[in-house]
Amino acid sequence: MSYRCSQTRRGFTLVELLVVIAIIGVMVGLLLPAVQAAREAARRMSCGNNMKQLGLAIHNYHDTFGTMAWNSDSGDQAGHANNLRMNHPVNRWMQFSWVVSILPFIEQQAIYEQINFNTAESMSHPTNLLLAQTRLAPVLCPSNGQEPEVNGQVQGYRHSGGAIGARLDYVGNLGHIWGGWKDCGAVPDFPGPGGSNIFVRGTNPGTPWVNGEMLNEQANANGVFRYFGGVKMSQISDGTSNTIMVFEDMHWRGGNDPAQMHNRLPTDDASWMSPLAAVNSIRNPINNRNKAWLQGAGDRRCHGWSSEHPGGAQAVLADASVRFFTESLDHVTRYGLGVRNDSLPISFD
């Protein structure tokens with residue numbers, strides 16, 4: 001007598017299937033933050049590479065012309081007798097950012113050659129307005145989720161909005177100043193070393209006042225850029241490795257309404273062709289979202305050093321190196337990094 005073995009196939013039971021799905025869900029939940037972190041790390045590296053490219057372009061500009069990239073924001077010259085004595089041209093003449101100055105050094109010679117510089121209309125000139133909408137990859141941080149083009153952009157100091165322009169995520173460092181359209185009064189005066197008042201706004205040395213449209217006050221800008229003009233490498237007496245040249249600025253609208261989230265839409269000074277958009281004071285803390293230190297949403301005086309990178313933001317030092325700085329950076333160190341000639345010791349720990 002012979003016996004045949006019978007084998008039956010059984011599939012997953014419903015319970016087993018649910019367990020497998022649950023395990024897969026847990027694994028995805030564990031892996032997703034790591035994937036997102038890796039993607040952000042790649043975006044931050046790309047962002048840093050852009051900033052490195054800008055730093056090298058500024059150095060090449062300096063080698064060619066003997067000064068840092070020229071920012072040209074003359075504001076409204078009417079009634080400023082001092083500007084007339086300094087033979088400044090007509091009102092709002094040639095209002096263009098330092099980014100425009102370095103276009104030939106970031107492989108954008110074709111755009112530079114099309115710009116009409118011989119006009120008081122500046123960015124609002126039909127040719128220039130069209131060019132201002134061109135996206136420039138070297139001035140866009142991949143981590144920034146804002147739209148590439150922004151509406152209602154001002155062309156410079158005292159200009160009204162209305163222009164459409166492509167976004168700018170990096171700004172030239174004016175220093176630690178209290179200046180026109182860069183004077184967020186909600187940010188308090190921080191104490192200096194030992195409780196001193198050397199950082200009080202309106203004092204020089206300290207945090208000097210700079211009227212952006214007064215030519216004789218441009219020398220009070222203690223950073224690497226000015227509203228109008230530029231500085232020389234020889235004027236960075238603290239050393240190029242201790243002074244910030246360009247830093248990230250997402251131009252957030254912000255806002256101090258406690259019932260509203262921090263507004264991450266861009267302000268009206270966020271376009272690369274606008275000289276007002278291309279510079280900023282380093283006085284405001286990194287990623288400032290403190291409602292008490294902000295004013296109305298869209299107040300262009302209150303945006304500052306900021307980024308979408310977790311925990312901090314990047315900057316290009318005057319030696320063209322790029323570093324990441326945390327939000328916990330203390331005020332004294334930020335001041336020392338922002339000012340080119342304060343002789344304060346800098347620690348990057």
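What is the relative accessibility of Asp-319, and how does this residue count on that basis?

Modeller: This is a predicted model, in which local features need pLDDT of at least 70 and side-chain atom pairs count only at pLDDT 80 or more, while totals for chains, interfaces and linings use all residues. Residues are numbered from 1 along each chain as its sequence is written, and side-chain values use heavy atoms, with hydrogens and water left out.

Asp-319 has 30% relative accessibility and counts as partly exposed; buried means under 20% relative accessible area, exposed means over 50%, and partly exposed lies in between, with a 1.4 Å probe and protein chains only. Asp-319 lies in the loop that connects β12 and β13. Strands are DSSP runs of E with at least two residues, helices are runs of H or I with at least four, and both are numbered from the N terminus. Ser-101 is 218 residues from Asp-319 in sequence, and their C-alpha atoms are 19 Å apart in space.

Two strands pair if DSSP finds at least two bridges between them. In general, strands of a sheet pair through backbone hydrogen bonds, either parallel or antiparallel.

Strand β8 (residues 244–248) runs antiparallel to β12 (residues 312–317), and three bridges join them. Within this pairing, Val-246 has Val-316 of β12 as its bridge partner, and Phe-247 stands opposite Ala-315 of β12. Strand β4 (residues 170–175) also pairs with β8 in the antiparallel sense, over three bridges; Tyr-170 has Glu-248 of β8 as its bridge partner. Five of the five residues of β8 are buried, so this strand is largely enclosed by the rest of the structure.

Glu-213, in the loop between β6 (209–210) and β7 (228–229), is buried at a relative accessible area of 1%. The Glu-213 side chain makes a polar contact with that of Arg-158 at 2.5 Å; such a contact is a pair of N or O atoms within 3.5 Å, where within protein one must be able to donate a hydrogen and the other to accept it, and residues adjacent in sequence count only if both atoms are side-chain atoms.
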